[in-house]
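Keep the structure open as you read.

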Amino acid sequence: MNEPVWVVDDDSSIRWVLEKALKVADIGCMSFSNAEDLLLQIQSGNAPQVVISDVRMPEMDGMTLLQEIHEHYPDLPIIIMTAHSDLDSAVKAYKGGAFEYLPKPFDIDEAVSLTKRALEHARETSQLKQQESRVSNTEIIGEAPAMQEVFRAVGRLSRSSISVLINGQSGTGKELVAQALHKHSPRSDETFIALNMAAIPADLIESELFGHEKGAFTGAQNARQGRFEQADGGTLFLDEIGDMPIDVQTRLLRVLADGQFYRVGGHQPVKVDVRIIAATHQDLEKRVEDGKFREDLYHRLNVIKIHLPSLNERREDIPLLAKHFLAKASKELGVESKQLSKAAEEKLMDVAWPGNVRQLENTCRWLTVMASGQEILVDDLPPELHMLSATEVKQSVINDDWTVLLANWADKQLLSGRNDILDAAQYDFEKVLLSCALKHTQGHKQEAAKRLGWGRNTLTRKLKELNFSHD
Ligand SMILES: Nc1ncnc2c1ncn2[C@@H]1O[C@H](COP(=O)(O)OP(=O)(O)OP(=O)(O)O)[C@@H](O)[C@H]1O
């Protein structure tokens, strides 16, 4: 039963020809005269790597067989043969999920080379699966479909050094994914360096990235290597890339294009081979539109995009993540691990989690210290979790209660460590109201001012302050 290719056809001459040809090509083959027998083997847990099937057979036809096989093995390549070489049956075969369509009478060499391609494809798919499961098993927890997409992407990228842009809210695991990308890349033995653009003062970013020569600026008493040099051969993870000052963006673009740069104050080009993985919680396309991010750099970084869902979008993972973090915290703190009661677990699944996985991790650490018993009860949960639940947030949309959404937004900003949030909120608040008023008055400014309750001069000033493109 270990033959990699199974052939099914009610026509014994076709079976004979294929068996012979594959044997010559050194490909093990087994044939069946009807689909039912083949399916029985599959259902009992045996599976080949490739199936070649006729379409018209007296009992079960090839398309039904294809569907049945794909129920058990969705990735198993199936080559469909048909004597009726018309577009219709070809289209039907592809739509049904066939790997290839082989019109009869076929050239024997073509049939063999097609089989080889299908075998190759089967091998690649199974390698990919192994890589994906390695990624998902070792470091990143997630069973939600949205996370499976992420694992798949990491698996697919495992042989490449291509630039990747990771996008997702704060605390969703962007750095963890960047580490996984590095770990599963050909660069895994080299350095991985993570740098957060939002955490470095703007005027120091350049020397941090590119290093400086002695005396390049006041305070530069010694020459210093930058992160690019340190990460040579490895990966540089640039977090919060949206906050990178525009002149540094220009320099970054040049390094990416030329593979070389100058230290601050230096005249000798430094050559490096660094893979860039960038991350952001912002809408970079919008920043490009607003002139805050270089479009060419955006395209350069955005070769492959991985989106990390917010914790709200993968609530089913909360129990698993909580268990993991409770175990981790107990190990770190050297105490016995605590378990969530059913009710506490349900409550955690209904929290809005504006701070995403990081907030859940912190909560678990807090609970490990603070919960009084071995079992964590609802009353043990920290007070801030009793503030907003996901249901309440959803309800606020239905009830038109934007203040709840605003509170949720504010929670998120504060948890992410952002300051001056009143300014940002006020800007958006006024911009939304003003743009609505203009819409309702067909752009008539005086009328819009009246609807808003502003004087005309205020409106003119606000149009400018809020960067309105209307004239
Ligand atoms: N799927 C996950 N499985 C296990 N741990 C996770 C997962 N996602 C995130 N974490 C943990 O949550 C914490 C926050 O993750 P990480 O720093 O990668 O988020 P981030 O999106 O890079 O955040 P920020 O944008 O604020 O830097 C880390 O301690 C990380 O190990």
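Ala, Val, Leu, Ile, Met, Phe, Trp, Tyr, Cys and Pro count as nonpolar, Asp, Glu, Lys and Arg as charged, and the others, Gly among them, as polar. By that scheme, the shell around the ligand has five nonpolar, seven polar and five charged residues. The model is predicted.

**Ligand site**
- There are 17 residues around the ligand, and Ile141, Ser170, Gly173, Lys174 and Glu175 come nearest.
- Two helices, α7 (174-183) and α15 (356-370), each supply at least two residues of the shell.
- The ligand shell draws residues from both domain 2 (145-307) and domain 3 (312-389), so it lies between them.

**Helices α13 and α15**
- The axes of α13 (residues 318-333) and α15 come within 8 Å and cross at roughly 50 degrees.
- That angle makes α13 oblique to α15.
- The crossing of α13 past α15 is right-handed.
- On the α13 side, the contact residues include Leu321, Phe325, Leu326 and Leu333; on the α15 side, they include Val357, Leu360, Cys364 and Arg365.
- This contact has 11 nonpolar, two polar and two charged residues.

**Helices α2 and α3**
- The axes of α2 (residues 35-43) and α3 (residues 62-72) come within 10 Å and cross at roughly 5 degrees.
- Angles under 35 degrees count as roughly parallel, and α2 and α3 are therefore roughly parallel to each other.
- From α2, Ala35, Leu38, Leu39, Ile42 and Gln43 meet Leu65, Glu68, Ile69 and His72 of α3.
- By class, the α2 contact with α3 has six nonpolar, two polar and one charged residues.

How values were computed: Residues are numbered from 1 along each chain as its sequence is written. This is a predicted model: local features need pLDDT of at least 70, side-chain atom pairs count only at pLDDT 80 or more; totals for chains, interfaces and linings use all residues. A residue is near a molecule or strand if its C-beta atom, placed from the backbone, lies within 6 Å of it. Helices (H or I, at least four residues) and strands (E, at least two) are DSSP runs, numbered from the N terminus. Domain bounds come from an automatic or database domain assignment. Axes are lines fitted to C-alpha atoms, for helices over the stretch in contact, and angles run from 0 to 180 degrees between N-to-C directions. Angles under 35 degrees count as roughly parallel, over 145 as roughly antiparallel, 65 to 115 as roughly perpendicular and the rest as oblique. A crossing is left-handed if the near helix is turned anticlockwise from the far one by less than a right angle, and right-handed if clockwise. Two residues are in contact if their C-beta atoms, placed from the backbone, lie within 7 Å.
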